[in-house]
Amino acid sequence: MINKTVANVDEAISGVDSNMVLMFGGFGLSGIAENCINALSKKNIKNLTCISNNAGVDDFGLGLLLKKRQIKKMISSYVGENDEFERQMLSGELEVELIPQGTLAERCRAGGAGIPAFFTPAGYGTEVQGKKEVRVFNKKKYIMEHALNADFAFVKAWKGDTLGNLIYKGTARNFNPLMAMAGKITVAEVEHLVPAGELDLNQIHTPGIFVQRIFKGSFYEKRIENRTITKA
Amino acid sequence: MALTKNEIAKRIAQELVNNTYVNLGIGIPTLVANHVPSDINVEFQSENGILGMGPFPIEGKEDADLINAGKQTITSLPGAVLFDSAVSFSMIRGNHIHLSVLGAMQVAENGDIANWKIPGKMVKGMGGAMDLVTSSNNIIVAMTHTNRQGQSKLLKRCTLPITGVSCVKKIVTDLAVIEVTSKGFKLTEVAPGVSEDEIINSTDADLTIDKNLKTMVL
């Protein structure tokens with residue numbers, strides 16, 4: 001059995017350096033690797049390319065790395081909740097590649113699955129098409145999209161075991177299983193870390209083969225971006 | 001009288017077909033879930049990874065791990081299922097979703113839609129909209145007829161960067177229901193108290209008037 005546990009977040013992010021390509025799981029603030037992001041924001045690294053569906057908010061999530069100007073380029077699908085992001089983008093300080101959400105998911109999945117490229121209808125006839133190859137299948141037009149990989153992928157799960165097997169909770173799953181597959185080094189932080197054999201093998205979402213390092217996060221704020229309730 | 005956002009949602013809810021899967025976008029589309037007719041059974045998909053989405057939770061039951069695509073806290077209904085983003089967009093691109101309701105900044109008479117970017121001013125990104133509009137069997141747009149400057153959002157050609165090509169089938173605005181046909185916009189319903197002329201004057205494209213033009217029933 002291959003033990004993937006590391007002692008703490010510092011050990012988990014060791015080796016992350018300037019100019020690297022990093023993937024971050026999560027949708028909005030849900031299912032983000034809070035502990036890793038906090039630690040990365042305190043590390044003296046810059047010129048990062050970050051692949052993440054969203055860019056956090058001004059003072060939480062990837063917003064922390066943006067504020068410290070550690071990010072050179074973002075690859076995302078929706079970045080609407082972050083003023084500092086919008087400012088850096090419109091002023092040209094930050095390079096941004098916006099891609100359809102389903103394309104982002106599939107590019108990560110493909111990267112982890114050994115599929116170099118694929119055709120999707122999303123973005124055909126729009127700015128997203130750019131100079132990408134267009135092909136017709138069954139009378140419908142598709143554009144070619146390439147796989148994404150990363151030097152490090154940071155994912156967050158609810159439960160994990162020492163072998164790196166992961167179980168996510170609720171909609172915090174989102175991009176995490178796909179990015180877990182696409183990282184050269186995938187770091188998983190979990191709320192509950194258990195010994196090998198304790199997870200129900202029928203319920204595991206990400207097999208440990210995709211995970212290189214796992215640790216129990218010391219603190220989770222789990223901030224809610226948009227609290228909505230039904231009046232009783 | 002122009003419809004309120006809730007009334008637009010209520011009119012769109014009349015388009016729901018029994019036993020179908022539906023994706024609702026952010027804004028007015030989200031409100032459609034509050035007006036599902038009692039004899040209609042639909043399952044709502046949210047592209048961040050849930051099918052069988054329920055209403056907002058009661059106070060104290062909010063869960064940071066259970067949100068919709070608008071990042072709002074939600075609940076799950078009995079029988080709901082959770083999945084990752086690749087599976088979610090397999091449902092969307094694979095044509096398993098029957099109806100998608102989206103907001104828009106502009107719609108053109110050929111069915112093009114623009115809703116993700118105002119160059120130099122606002123860049124929020126397309127999220128799942130580009131995947132949704134290229135794949136769903138039926139695309140309905142929910143929007144106000146004109147923008148804050150009073151300009152028509154229904155145009156001959158979109159002037160903003162488009163989200164998808166020739167995909168919108170129907171538009172429900174605060175003034176009218178308009179179908180997108182091979183010959184352009186067709187006015188099929190007017191909002192109560194709104195005149196045909198008012199709609200024609202608020203629309204920056206040709207409008208065919210349906211022979212059976214009706215007043216919306218809400």
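Visitor: How many salt bridges are counted between chain B and chain A?

Guide: The count between the two chains is 6 salt bridges. This is a predicted model, in which local features need pLDDT of at least 70, side-chain atom pairs count only at pLDDT 80 or more, and totals for chains, interfaces and linings use all residues. Side-chain values use heavy atoms, with hydrogens and water left out.

Visitor: What makes the pair A:K169 and B:D63 a salt bridge?

Guide: The term requires a side-chain nitrogen of Lys or Arg within 4 Å of a carboxyl oxygen of Asp or Glu. The closest N and O atoms of A:K169 and B:D63 are 3.3 Å apart, so the pair meets the cut-off.

Visitor: Which residues of chain B supply 19% of the area that chain B buries against chain A?

Guide: Chain B and chain A bury about 4,000 Å² between them, 58% of it on carbon and sulfur atoms; buried area is the accessible area (1.4 Å probe) that two parts lose on being put together, summed over both. B:D65, B:K71 and B:K124 supply that 19%, more than any other three residues.

Visitor: Why is the lining of the largest cavity described as having no charged residues?

Guide: Charged means Asp, Glu, Lys and Arg; Ala, Val, Leu, Ile, Met, Phe, Trp, Tyr, Cys and Pro count as nonpolar, and the others, Gly among them, as polar. The lining divides into 6 nonpolar and 7 polar residues, so none falls in the charged class.

Notes:
Residues are numbered from 1 along each chain as its sequence is written. Chains are lettered from A and ligands numbered from 1 in the order in which they are written.
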